[in-house]
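Me: I have a model open and would like to see what stands behind the words used for it. Could you go through them with me?

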Amino acid sequence: MVSTEVGVLDKVMAILTTYDDHVEVLDPPAAAQRTGMSTPTAYRLMKSMAAHGLLTPTGGGYGLGPSLLRLGSLVTVGLDVLAVARPHMVALRERLNETVELHVLVQHSRVPIHLETSTRTVRSASQVGHALPLHKGASSRPLVAWRADAMDLARASATDAGDVLDEDAYSERLALIRERGWDVGLGERDAELAASAAPVFAEHGEVAATIVVSGTVTRFRDQAHCDAAIRGALDTARLVTADLGGTFPV
């Protein structure tokens with residue numbers, strides 16, 4: 001077991017790394033034997049890991065959980081786009097001094113995979129790797145506006161959140177995004193936050209990510225600043241799309 005200054009994390013990682021092609025389910029006694037920790041510690045940790053989705057309870061113990069699948073998909077989906085997008089995101093952050101985010105679609109959620117954070121005293125910042133609702137917010141709609149299953153994804157997101165989706169309004173908003181190439185929202189997901197966003201297209205025409213400029217509602221209510229955030233997201237998305245070999249449709 002790898003030993004660092006964070007003992008609990010060492011034990012969690014030790015449990016996770018005992019799984020392989022031949023070990024798909026472990027009970028706490030077996031995990032304790034393999035890792036060298038006590039059985040009560042293994043019981044406690046595996047129960048907590050299951051609560052966070054790192055493990056899944058089975059009839060005979062615990063298997064690997066859905067959170068690992070989601071995080072693994074982020075690595076697959078996001079690394080190529082991030083490598084291309086990051087220099088452009090830095091330039092946009094320096095120009096506007098608002099937080100610039102890169103979001104990808106994971107199942108029926110949007111997930112930030114990188115932030116270039118504003119240096120303002122009052123600023124917005126999502127949590128990297130934390131799934132956010134797909135059915136609300138300017139950061140989400142450009143991810144699905146060109147997808148045939150956009151409404152199904154939005155319905156699933158709304159159901160998870162216990163919300164009722166206004167499908168007509170949502171459909172009209174997606175059509176507007178396809179027409180102009182960007183979206184903006186003030187106080188939709190959080191009353192104090194605002195964002196503009198534009199899609200990044202990959203080589204084969206699919207939306208790979210969104211470039212998001214996020215800040216406070218107060219600043220975005222300044223029309224000049226809001227227009228600059230919209231233009232910045234759109235221009236940056238176009239640059240990243242071109243670098244990926246894609247074509248921006250509008």
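Reply: Gladly; what follows takes the terms one by one and sets each against its definition.

Reply: This is a predicted model, in which local features need pLDDT of at least 70 and side-chain atom pairs count only at pLDDT 80 or more, while totals for chains, interfaces and linings use all residues. Residues are numbered from 1 along each chain as its sequence is written, and side-chain values use heavy atoms, with hydrogens and water left out.

Me: Let's start with H3. What span is expected for helix H3, and what does H3 reach?

Reply: Helices (H or I, at least four residues) and strands (E, at least two) are DSSP runs, numbered from the N terminus. H3 covers residues 39-51, which makes 13 residues. The expected span of a helix is 1.5 Å times one less than its number of residues. For H3 that expectation is 18 Å, and the distance from its first C-alpha to its last is close to it, at 18 Å.

Me: Which residues of H3 are called buried, and why are they said to be on the same side of H3?

Reply: Buried means under 20% relative accessible area, exposed over 50%, and partly exposed in between (1.4 Å probe, protein chains only). In H3 the buried ones are Thr41, Ala42, Leu45, Met46 and Met49. They cover an arc of only 120° around the axis, so they sit on the same side of H3; the arc is that of the directions from the helix axis to the C-beta atoms. Pro40, Arg44, Lys47 and Ala51 are exposed, on the face turned away from the buried side.

Me: What covers the buried residues of H3?

Reply: The cover includes helices H1 (7-16) and H2 (28-35), together with strands E1 (55-58) and E2 (61-64). Contact here means heavy atoms within 4.5 Å.

Me: What makes Gly53 count as buried?

Reply: Its relative accessible area is 10%, and the limit for buried is under 20%, so Gly53 is buried. Gly53 is in the loop between H3 and E1, and its phi is positive, near 80°. Leaving aside neighbours within four places in sequence, Gly53 is in contact with Gly65, Pro66, Ser67 and Leu68.

Me: Why is the pair of Lys136 and Asp163 called a salt bridge?

Reply: A salt bridge is a side-chain nitrogen of Lys or Arg within 4 Å of a carboxyl oxygen of Asp or Glu. For Lys136 and Asp163 the closest N and O atoms are 3.3 Å apart, so the pair qualifies. Lys136 lies in the loop between E5 (132-133) and H5 (141-144), and Asp163 in the loop between H6 (150-161) and H7 (167-180), so the pair ties together parts 27 residues apart in sequence. Lys136 is partly exposed at 26%, and Asp163 is partly exposed at 30%.

Me: How many salt bridges are there in the whole structure, and which residues are linked in a network?

Reply: A search of the whole structure finds 14. Arg141, Arg173, Arg180, Asp183 and Glu188 are linked in a network of salt bridges. Within it, Arg173 and Asp183 meet at 2.9 Å, N to O. This pair links distant parts of the chain, with Arg173 in H7 and Asp183 in E6 (residues 183-186). Arg173 counts as partly exposed at 26%, whereas Asp183 counts as buried at 0%.

Me: What separates Arg231 and Asp235?

Reply: They are four residues apart in H9 (residues 223-243), which means a separation of about one helical turn.

Me: What makes E7 and E8 a pair?

Reply: Two strands pair if DSSP finds at least two bridges between them. E7 and E8 (residues 207-216) have nine, in the antiparallel sense, so they pair. Ala198 stands opposite Ile211 in E8. The open sheet has six strands in the order E5-E4-E3-E8-E7-E6, with antiparallel pairing. E5 and E6 are the edge strands, because each pairs on one side only.
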